[in-house]
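Welcome! Have a look at the structure below, and then we can walk through some of its features together.

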Amino acid sequence: MRSEEEVTRAIETYSDTVQRLCLIHLKNQADTEDIFQTVFLKYALCSTVFESPEHEKAWLIRVTLNACKDLLKSFFRSRTVPLDSLLEQAAPEAEDHSEVLQAVLTLPEKYRQVIYLHYYEGYTAPEIGNLLHKNVNSVYTLLNRAKKQLKEALGGEALG
């Protein structure tokens with residue numbers, strides 16, 4: 001079990017990353033808050049010794065993605081209608097990029113994941129491959145296909 005100081009530091013450092021990942025996958029604030037609490041509770045209770053801050057961040061991302069997938073596969077979730085209110089609840093800085101965000105949200109999940117990890121979190125394709133347990137060439141393919149779909153959705157605007 002981790003100390004209160006360790007948990008507080010992790011929340012301060014990684015809360016934005018965990019929340020953005022949840023919003024991208026779950027598309028609503030209520031589920032995001034639930035998974036956020038679950039992820040940091042698991043962090044507080046785990047005894048894993050992290051080799052570096054990158055290892056810690058990768059662990060939190062993996063736990064977040066797994067928790068999101070578990071929620072999406074749950075019996076309760078399969079019997080309800082999702083709330084598509086992400087744009088209304090997104091952070092204020094996202095307002096300038098709402099068209100791009102909307103285009104990203106229309107992508108299939110496998111493309112949303114790689115786009116988010118590459119452009120928002122700054123991971124390289126080999127790092128994304130490790131996080132998602134995919135071959136690095138598959139990650140490059142997913143990134144290229146996602147960028148092509150985004151370009152078409154945005155009317156030919158290039159993605160940075």
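## A meeting point for charges

Lys-57 and Glu-121 form a salt bridge, with their closest N and O atoms 3.0 Å apart. This pair brings together distant parts of the chain: Lys-57 belongs to helix α3 (residues 53-73), while Glu-121 lies in the loop between α7 and α8, 64 residues apart. Please keep in mind that you are looking at a predicted model.

Taken together, Arg-20, Lys-57 and Glu-121 are linked in a network of salt bridges.

Is Glu-121 buried or exposed? Its relative accessibility is 12%, so Glu-121 counts as buried, the cut-off being under 20%. Arg-20, in contrast, is partly exposed, because its relative accessible area of 33% falls between the limits of 20% and 50%.

## Another charged pair

How many salt bridges are there in total? The count comes to four. One of them joins the side chains of Glu-6 and Arg-2, at 3.6 Å from N to O. Arg-2 counts as buried because its relative accessibility is 12%, whereas Glu-6, at 32%, counts as partly exposed. As a general point, side chains of opposite charge can pair when their charged atoms come close.

## The nonpolar cores

Let us turn to the inside of the protein. The largest nonpolar core has 23 residues, and Ile-61, Val-114, Ile-115, Leu-117 and Ile-128 are the ones that touch the most other members. Several helices contribute to this core: α1, α3, α6 (98-106), α7, α8 and α9 (136-153) each supply at least two residues.

Which residues does Ile-61 touch, leaving aside those up to four places away in sequence? They are Thr-17, Leu-21, Leu-117, Tyr-123 and Leu-131. There is also a second, separate core of 20 residues, and among its members are Tyr-14, Ile-35, Val-39 and Leu-60.

## A nonpolar patch on the surface

Met-1, Leu-41 and Leu-45 make a nonpolar surface patch of about 380 Å². Met-1 is found in the segment before α1, and its relative accessibility of 79% is over the 50% cut-off, so Met-1 counts as exposed.

## The whole protein

The secondary structure consists of nine helices and zero strands, so reading along the sequence gives the pattern α-α-α-α-α-α-α-α-α. The protein has 160 residues, of which 40% are buried.

Contacts across the chain can be described too. Among those between residues at least 6 apart in sequence, 66% join residues at least 24 apart. Finally, the accessible surface of the protein comes to about 9,400 Å², and carbon and sulfur atoms account for 52% of this area.

Methods: Residues are numbered from 1 along each chain as its sequence is written. This is a predicted model: local features need pLDDT of at least 70, side-chain atom pairs count only at pLDDT 80 or more; totals for chains, interfaces and linings use all residues. Side-chain values use heavy atoms; hydrogens and water are left out. Buried means under 20% relative accessible area, exposed over 50%, partly exposed in between (1.4 Å probe, protein chains only). Helices (H or I, at least four residues) and strands (E, at least two) are DSSP runs, numbered from the N terminus. A nonpolar core is a set of buried Ala, Val, Leu, Ile, Met, Phe, Trp, Tyr and Cys residues joined through side-chain atoms within 4.5 Å. Contact means heavy atoms within 4.5 Å. Patches are made of residues with over 30% relative accessible area and no salt bridge: like charges are joined within 9 Å, nonpolar side chains (Val, Leu, Ile, Met, Phe, Trp, Tyr) within 5 Å. Accessible areas come from the Shrake-Rupley method with a 1.4 Å probe; for residues, only the protein chains shown count as cover.
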